[in-house]
Amino acid sequence: MPQTLYDKLWNSHVVHVEPDGTALLYIDRHLVHEVTSAQAYEGLRAAGRKPWRVESVVATADHNTPTTHWEEGLAGVRDPFAKLQIETLDANIRQFGAKVYFPYLDRQQGIVHVIGPEQGATLPGMTVVCGDSHTSTHGAFACLAHGIGTSEVEHVLATQCLVTKKMKNLRINVEGPLGRGVTAKDIVLAIIGRIGTAGATGYAIEFAGAAIRSLSMEGRMTVCNMAIEAGARAGMVAVDEVTIEYLRGRKFAPSGALWDQAVAYWRTLVSDPGAKFDREVPINAREIKPHVTWGTSPEMVVTVDDAVPDPDRENDAQRREAMERALSYMGLKPRTPITDIAIDKVFIGSCTNSRIEDLRAAAAVVRGRRVASNVKLALVVPGSGLVKQQAEREGLDRIFRDAGFEWREPGCSMCLGMNPDRLSAGERCASTSNRNFEGRQGPGGRTHLVSPVMAAAAAIAGHFVDIRRWS
Amino acid sequence: MEKFTVLNGLVAPLDRANVDTDQIIPKQYLASIKRTGFAGGLFADWRKDPGFVLNQPRYKGAQILLARKNFGCGSSREHAPWALIDYGFRSVIAPSYADIFFNNSYKNGLLPVVLTEAEVDRLFHECNAFPGFRLVIDLERQSVASTDGALVMRFEIDPFRKYCLVNGLDEIGLTLRHADKIREFEARRKAQYPWYF
């Protein structure tokens, strides 16, 4: 029987199934970070248990780490709680071990979802878990990648398995060419706008179609990253030449004869012709324009040539109320053209958009220009030490600095504001991150999600602009 | 984990859809390496509003949170169920949940009950109309009922999850009963796909 990519990944990892369908799924790669692992290791210690397979663990500190003051070492972490979490991870990895650990201040440290792929530690056909919902990112490599909670982190450490049930198959076909200035971020925002923030709950999404095929691995990671914003724990893209070329020569990717064997297997990681999906959603790539969120959920999104919606035109009472609350929180009036919205801060970074391709695209927009005077802070936070070094070799840091951006050390930074990079109450930010929830980037902060080129252009203009008209 | 059998609890209504885990527990409260002590962070930003449901005296001591669709979306932080439990909640009732929150709840003995939109609407109505409105959640019978038994609603739950909750079982211990099977699977996988190891 023809199988979907998800079926294949699922079937190749099932260890045991209970009569009600609850399965033990074998986990190949476990990514660990400082904020969701401490209680899991504590649980192991309390029960006198050991990790099942230490070699599956790749660890780093990224969520709460400062992006400045690295020259001061650990003393540069001013927040005592953040420092305790970083030190606790150090101690836990020392005690229990890992395949590889990139601690705070390491030259290869970075956002867990950036370093897994760039190190070749994320490989097609793997199951990947991490105590972070954006683990769906790794699905770009035809992995089954889930975000999990801390109890599950402990469970995977202790048993190498996840207790879970099979999800349904959803394929989103993005067909046709992408227009100028339209990016992977706009594809996924368009999808979320269409199906809603719970639109794919209970499904594993396969992103398919010519527009997805045309994306680099960086772009595919951006799309899979935000599968969770549509409710799907896992998003994925089938293996093709782009996948294989990206992995060739990466540090933890196989080499020699094993590489050839692996590639032969990886090429089978595609949905079979005629495979049955529970649901399919067609998206016309030609119709996708640059997107900007206006509200406090990623589904509250419009195209840049549109305006803030009017709750009075919404018939559903619950939705209308949610819109009114969002507009009040965001300090926006209905029917305001998106390009009339002025911003206070710009954040280019996060596991969604902090890879080298994102930084190149943003740098091309700001080259030779200056950040607008009303923009108080424009931040570029590379996704990892390796991304940062690559960008510096290409001179991107100079372009950003000359334009008035701050060029920071890697980490999750202002995407979730657990480190000192935050919005203050009422501040409005053009952000390349993934969530515009109330207070996400700082209590009272107002987030508009956009692509890196849209964020860069907004920084220069001081308000949103249609990147398609940028010259 | 504490067993979950029958809960007779006061109901607090949170009438918003798509409540995300950043609201349930804002990030400034995640800076701990313990599983407890998160009650103060529960809905911390919303609790600054004196009119917020948990600030109303009539809902003091509530153990059941009545909510709208897609409850718990967003971040995977298990601090969300930890905070709800720490505050005193033992169950949430909603028409739907985000997957990760739904899973995390079971692992901590917080029962996420799924009822239809119409049933949830009815409960919101009852809850608003009658101060002190309580519900009896009987996990064994898979029912939600008013204390006088006039209103009874049925809910579905995976048998395995129910079994774990009713018995307060440690899931890791349960999984390790299959340790031999896991080892066999691992050996096979390693032989077939050595590059993953």
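This is a predicted model: local features need pLDDT of at least 70, side-chain atom pairs count only at pLDDT 80 or more; totals for chains, interfaces and linings use all residues.
**Entry: chain B as a whole**

I began with chain B and looked up its make-up. Chain B has seven helices and seven strands. Reading from the N terminus, I wrote down the order of its elements as β-α-β-α-β-α-β-α-β-β-β-α-α-α. For its extent, I noted that the C-alpha atoms of chain B fill a box of roughly 65 × 40 × 25 Å along the principal axes.

Next I asked what share of chain B counts as buried. The value is 43% of its 197 residues. I also looked at contacts in chain B between residues at least 6 apart in sequence, and 71% of them join residues at least 24 apart.

**Entry: where the chains touch**

**Entry: a closer look at helix 2 of chain A**

Helix 2 was on that list, and I went back to it. Its buried residues are Ala38(A), Gln39(A), Ala40(A), Tyr41(A) and Gly43(A). What covers these buried residues of helix 2 of chain A includes helix 3 and helix 5 of chain A.

**Entry: helix 12 of chain A and two partners**

I took helix 14 (residues 396-403) of chain A as a partner for helix 12 (residues 356-366) of chain A. Their axes are 9 Å apart and the helices pack at an angle of about 45°, which means helix 12 of chain A is oblique to helix 14 of chain A. The crossing of these two helices is left-handed. From helix 12 of chain A, the contact uses Leu359(A), Arg360(A), Ala363(A) and Val366(A); from helix 14 of chain A, Leu396(A), Ile399(A), Phe400(A) and Ala403(A). I sorted the residues of this contact into seven nonpolar, no polar and one charged.

Then I turned to helix 15 (residues 452-461) of chain A, which packs with helix 12 of chain A at an angle of about 30°, with axes 8 Å apart. That angle makes helix 12 of chain A roughly parallel to helix 15 of chain A. This crossing is right-handed. Among the residues in contact are Ala361(A), Ala362(A) and Val365(A) of helix 12 of chain A and Ala455(A), Ala459(A) and Ile460(A) of helix 15 of chain A. The residues of this contact divide into 11 nonpolar, no polar and one charged.

**Entry: the largest nonpolar core**

Last, I asked which residues touch the most other members of the largest nonpolar core. Of its 208 residues, they are Val346(A), Ala455(A), Ala458(A), Ala459(A), Leu65(B), Leu66(B) and Ile93(B). Helix 6 (residues 184-195) of chain A gives the most to this core, with eight residues. I followed up Leu65(B): leaving aside residues up to four places away in sequence, Leu65(B) touches Ala12(B), Leu14(B), Leu84(B), Phe89(B) and Val92(B).

Methods: Residues are numbered from 1 along each chain as its sequence is written. Chains are lettered from A and ligands numbered from 1 in the order in which they are written. Axes are lines fitted to C-alpha atoms, for helices over the stretch in contact, and angles run from 0 to 180 degrees between N-to-C directions. Helices (H or I, at least four residues) and strands (E, at least two) are DSSP runs, numbered from the N terminus. Angles under 35 degrees count as roughly parallel, over 145 as roughly antiparallel, 65 to 115 as roughly perpendicular and the rest as oblique. A crossing is left-handed if the near helix is turned anticlockwise from the far one by less than a right angle, and right-handed if clockwise. Two residues are in contact if their C-beta atoms, placed from the backbone, lie within 7 Å. Ala, Val, Leu, Ile, Met, Phe, Trp, Tyr, Cys and Pro count as nonpolar, Asp, Glu, Lys and Arg as charged, and the others, Gly among them, as polar. A residue is buried if 20 or more other C-beta atoms lie within 10 Å of its own, exposed if 12 or fewer, and partly exposed in between; C-beta atoms are placed from the backbone. A nonpolar core is a set of buried Ala, Val, Leu, Ile, Met, Phe, Trp, Tyr and Cys residues joined through C-beta atoms within 7 Å.
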